[in-house]
Amino acid sequence: MGLAEWATTLVNAMTWAMATFLVAAGLTLIFGILHILNFSHGGFFMIGAYVAFTLLTRLGGANSFSAYLLAACAAAVVVALLGALVDRVILQRLRRVEDAYVLIATYALLLVCEGGTKLIWGLGYQSLQPPSPFEGAVVVGNFAVPAFSLFVIGAGLAVFAGLEWLLGRTAAGRLIRAVAMDPWTARLLGVNVTRVFAMTVVAGFALAGLAGGLLLANQSLSPELASVFIIQAFGVIIVGGMGSVRGAFLGAMLLGLIESVGSYILPDLPGLLFFAALAVILLWRPQGLLGRERGT
Amino acid sequence: MAEILLEALGIYKGYGRIPVLKNVSLTIERGESHVVIGPNGAGKSTLFKVLTGELYPSAGGVFFEGKDVTRTPAWQRAQRGFGRTFQVARVFQHMSARENMLIAVETAERSRGAWIPPWRLAPTSALEARVAELLEDVGLADRAATVASELAYGDRKRLELGMTLALQPSLLLLDEPTAGMSQSERKASVDLIARVTRRHGISLLLTEHDMGVVFGLATRLTVLHYGEVIASGEPDAVREDARVREVYLGHE
Amino acid sequence: MMPAEARAARNRFLATLLCVVVAGAIFPSVANRGLVFIAGLLWINVVFGLAFNLLFATGGILSFGQAMFYAVGAYAASVLSLRLPELPFLWALLVSGLAGAGLAVVAGTVALRRSEGVYFAVLTLAFGELLHIVITKSTLLGRNDGLNGIRRPVIDIGMLHLDFSAGDAFYYFILVVCAFLVGVLWMVTHGAFGRALLAIRQEAQRAEFLGMPVQRYRLIAFAISGAITAVAGALAAPWLQIVTPDLARWSNSTNPILFTLLGGSGFFWGPAAGAAILSVVFYTTRTLAGIADLATGGMLLVVVLSLPGGVLGLLNAVRQRATRRHSGTEAADG
Amino acid sequence: MTHITRRDFLISGAALAAAGALPTAWAQQRGPLRIGLITPLSGPQEFIGSYVKNGAEIAVDQINKAGGVLGRQLALVTRDDKANPAAGVAAARELLTDGVNLHIGVISSTVTLALGPVMQQDNGVLLTTGAGTEKMNHENYTPNVFRIGDSPDARARGQARLMAQRYPNVTRWTGLIPDHEYGRTTWAIFVDGLLEFYPALAGKKPEVLDPVLMPYGVSDFRNSITLAMRQSADGCFNSTYGGDAITMFQQARGFGLVQRYKILVDAANEFLIARGMKSAVPPMWTGMHYYPEANKGNPMSDRFIADYTAKTKDAEPMGWAAEAHSAIYALARAIEKGKSAESKAVIQNLKGLTWDTVTGPRTLRPEDNQAIKDTELVFIEPANTEKGYQVTQYVKVDGRSVIFPPSPGKAMTFRKP
């Protein structure tokens, strides 16, 4: 393919990658610290999107960029509060029990999210157009890039940078990493592990809400949205290495490229290469690109 | 010179960049009781893990009855005659002493190539007898029905030892067999170990802190210091060794 | 467990199984055929759940990919009945079981490299989704539409000629085969192999240093569970007379886990109880427009949070408290 | 939403009570004549189910107000099929053994195909109100299952015929086709229509490009859109549906894909895309089960809209509501015609039945139980109305001129380019 086609393929890949990373970030963060695979993550992502949608349509300003960002932040806050509630009422009680119970609890939570969304926001399909600066296309030489794709890519990179800074450079981040390494010792050293866990859950949910708000204009809005991202987000964190934010970032870009190039060379089998790649990577490195090998 | 049962040659092992074992070699002759001593962090446990197959060395080799077992998985070593106990006794907590022993006996049977139908609910009377005998051996006959988690610590260690004996090992590797025991328990278990090893002609390798235990059992001593063997030989000879006195007994 | 106790336990199990089968056998004469259909699915689900719990409670392995075995069995039986109608159904069941075992060995060899809890769950989940995609892309398997028009079998065993194609006759076949599978699972769980698995679950390293090939045992357990689940799926195909790719999805993999946690993983019959309870719940909520999702989700949360021992665990606790109070009063009287 | 749901709950609760309380035989004779309504009331398809439910309930109310059927009132017994074959079969068999032999609803193709054998074995009747599969009156034809609405061939060939009439110069066609069976089938039929009607009506041979296969249930269509951008076609047939369609068109805006086509025709989204995208909706022809404006003056339609608005505050119901409404009336007429609600008689009288519906008279073809009705199409454009879109044209294509001749038991065959 020509240069322009390569460029388009690359932009598509990055858009897919960053959108998926936005959703996967909270998922992998929570998994890394609490070893919980949160099935309801997609549900809260959806709620975040609905919250942002309601704010923008009720309060207007739907096509102002700053309003769009504000709505996303508001969504993050609302979902973070829900996260605090979930941690208090459900997760804290399940700290000592086997993984299966937590897994099922989060699955049940997903059903509750979907049911609740149907009751509050109804069954119909809705959508919101990107804020005016990101409508239409940006033309570079002989190929055009959808402006909103650039926004999604930017948002993904920003959130990644933010997380890197938060986990790498701040005291909270150091605490979180300490607990992730070895909660037992951390507790021994007087770290309030329960608080760190709660912090992580809240952060993870906030990320879900933020993703919902930022990606609001990326796809249609309906109670189905909860399940739209979940499999590809799982794929990304499995490939990247469960619990690793960097891994999720890399995994997203890798799978995004595979998805894009795949649709170019196998147009008759959309989405197949994604799963093929997933299988190969599982066979080659079950612990994922940046996953920690299991200790002997 | 008697036949060599287990031989370790030039073992190197490190965690990450930190070297733990540097060119460690030692041999265990059939029938001897070989005790490895050394201050904390000398690498006793790591050496132990390398010998039992819990870890593989980064360099060097382990030979059992002349065959290379350096990278043989632990369960295969166990089937070939390694019997191993842990520093903190590991038994099947939610099973009775008898069930624990039964698992060991059945596993031993399988290792010997005997076919035990997977669906067999209760063991044959032959196995039952063997279980009873072993429990008797380690003095737990009267606690057969007690759930392991409710056994006294000393009893749990003896149960573990008994389970290991069920394998009829030719080599018994005990990691600090008396750790966390009272003086009287120590005495008892030293006698027990001495008795069973003598009765079944089992060679012995153990790591130990308690000098009473060491000199009560050892027919040979190896002193490990910062991952290196600094002395090896008859207990009395080692006891007189200047370097040992300096680096090791100095610490006592 | 002394031989006497062993015999007692076996007899208790056989008695329970007999009661269940008898109840199942008379059910059609007292219930409408919608319920009979649901009951047919229930027996299949009982096996689905028990096969999962063999891994979970006995093997200490959390599989989130049981649906792939169910689907493989269902599709194997369907393809055979559509492409090779002359192949006796019992053979089709056997082939389905083998297919399930084969798939389990393949998936297990990869996934058991991360056998601890949730990792294994995620890897098995991924394999289920992979299978789902493969099905939707293969014409032989009917792609998204699935395969329909699967006929119910006629079985000839020597003199015996059994026609299950008419009415609900196939229900009884399901009942018998499921009872048999439950028996097999009980033997595997309580026999020497089950003992070994339980030991591995409690202290894997001890087991290994006793000379047990721990990973191999886990793989064998996974294969057994896969095979039995696949046979259950193979029974479902002619009962539904249609199979769709959804059977392989993780939403279906959650079912046996729900059965188990709801009924109580600590009890052999736990998953069976759970499956029964869920069938009743779904049957009674089948007309609640709009709130079915909320109702199911809410109920699950309540169970997971307040009944970690499952419903059987609750009953057990209640019985014990009752007996304790009873003996207490006796003591007072005496 | 909340209060409607509570009300649905009450209604179905009552239906359940009715179903449970009355001894079968007695119910059959004197009590209300019960009709099974089997449709998704949970899961992703609940959205469609809600329209089916409202439409059916309105029809039942109307008929009961007018004195019922053969002097008996009608009562709906509602069941959730979760758009899942197992749940659907369980519901159908329960109702059948409970003496409910007449059923409507079922909009999922797999559930419809799963219920075929059940209806045949247990002597029931099912009128699907929107299942898209062509198999039901071909490979998997059973005399007990009827489709009272558009067949996929009538729908897509009707669209092709309209294109040939209105746009004789648009001859390079491509498709945006979801990579599943229904998508592939609709495309095959549409192509068949192009190949028949362009030569016949426009005197031109159409050029058919390979369609762009779309994933479904995903968040990102940009790769497929890029593939579409590489084609140069004048006409485009879209078969992506619902949330996928909205996501796809939304992402296509950034690429300016739709502007590349002279005309865009959509298989079956009715107002879904328009309502979802408002003023961002791409101008398109779309197929409808029923468009009120096109049926103004038809008293049945006017009354239906009045009642529907009263019931739901929604003056533009999706077509499934009309399908359910028409299905109830088909049953009522067939029962009256044969003076019997027994399955055998009802099937006999449904076959060949012509009855009035909100879309005008329809006829059920006796050979394959497929209704012949006009294909309704509307042209939707963005507008600065409060809805954000408006319908600027609508047409009815005569069903007889586009539907394939019946071939029960045989798979459909198509003209190939």
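Here are some questions and answers on how the terms used for this predicted model follow from its values.

Residues are numbered from 1 along each chain as its sequence is written, while chains are lettered from A and ligands numbered from 1 in the order in which they are written. In this predicted model, local features need pLDDT of at least 70 and side-chain atom pairs count only at pLDDT 80 or more, whereas totals for chains, interfaces and linings use all residues.

Q: Why is α10(A) called roughly perpendicular to α11(A)?
A: Helix α10 (residues 230-240) of chain A packs against α11(A) at an angle of about 115°, with the axes 7 Å apart. Axes are lines fitted to C-alpha atoms, for helices over the stretch in contact, and angles run from 0 to 180 degrees between N-to-C directions. Angles under 35 degrees count as roughly parallel, over 145 as roughly antiparallel, 65 to 115 as roughly perpendicular and the rest as oblique. That makes α10(A) roughly perpendicular to α11(A).

Q: What makes up the contact of α10(A) with α11(A), by class?
A: Its residues divide into eight nonpolar, four polar and no charged. Here Ala, Val, Leu, Ile, Met, Phe, Trp, Tyr, Cys and Pro count as nonpolar, Asp, Glu, Lys and Arg as charged, and the others, Gly among them, as polar. On α10(A) the contact includes A:Val236 and A:Ile237, and on α11(A) it includes A:Leu250 and A:Leu254.

Q: How do you know that the span of α8(A) agrees with its number of residues?
A: Helices (H or I, at least four residues) and strands (E, at least two) are DSSP runs, numbered from the N terminus. The expected span of a helix is 1.5 Å times one less than its number of residues. For the 22 residues of α8 (residues 193-214) of chain A this should be 32 Å, and the end C-alpha atoms are 31 Å apart, which agrees.

Q: What makes α8(A) largely enclosed by the rest of the structure?
A: A residue is buried if 20 or more other C-beta atoms lie within 10 Å of its own, exposed if 12 or fewer, and partly exposed in between; C-beta atoms are placed from the backbone. In α8(A), 17 of the 22 residues are buried, so the helix is largely enclosed.

Q: Why is B:Asn23 called partly exposed?
A: B:Asn23 has 14 other C-beta atoms within 10 Å, so it counts as partly exposed. This residue is found in strand β2 (residues 18-29) of chain B, and its phi is near 50°, a positive value in a residue other than glycine.

Q: What makes B:Tyr226 count as partly exposed?
A: B:Tyr226 has 15 C-beta neighbours inside 10 Å, and therefore counts as partly exposed. B:Tyr226 is found in the loop between β9 (220-225) and β10 (228-233) of chain B.

Q: How do you know that α3(B) is mostly covered?
A: In α3(B), 13 of its 15 residues are buried. Just after α3(B), B:Gly113 takes a positive phi of about 90°.

Terms used
Contact = placed C-beta atoms within 7 Å.
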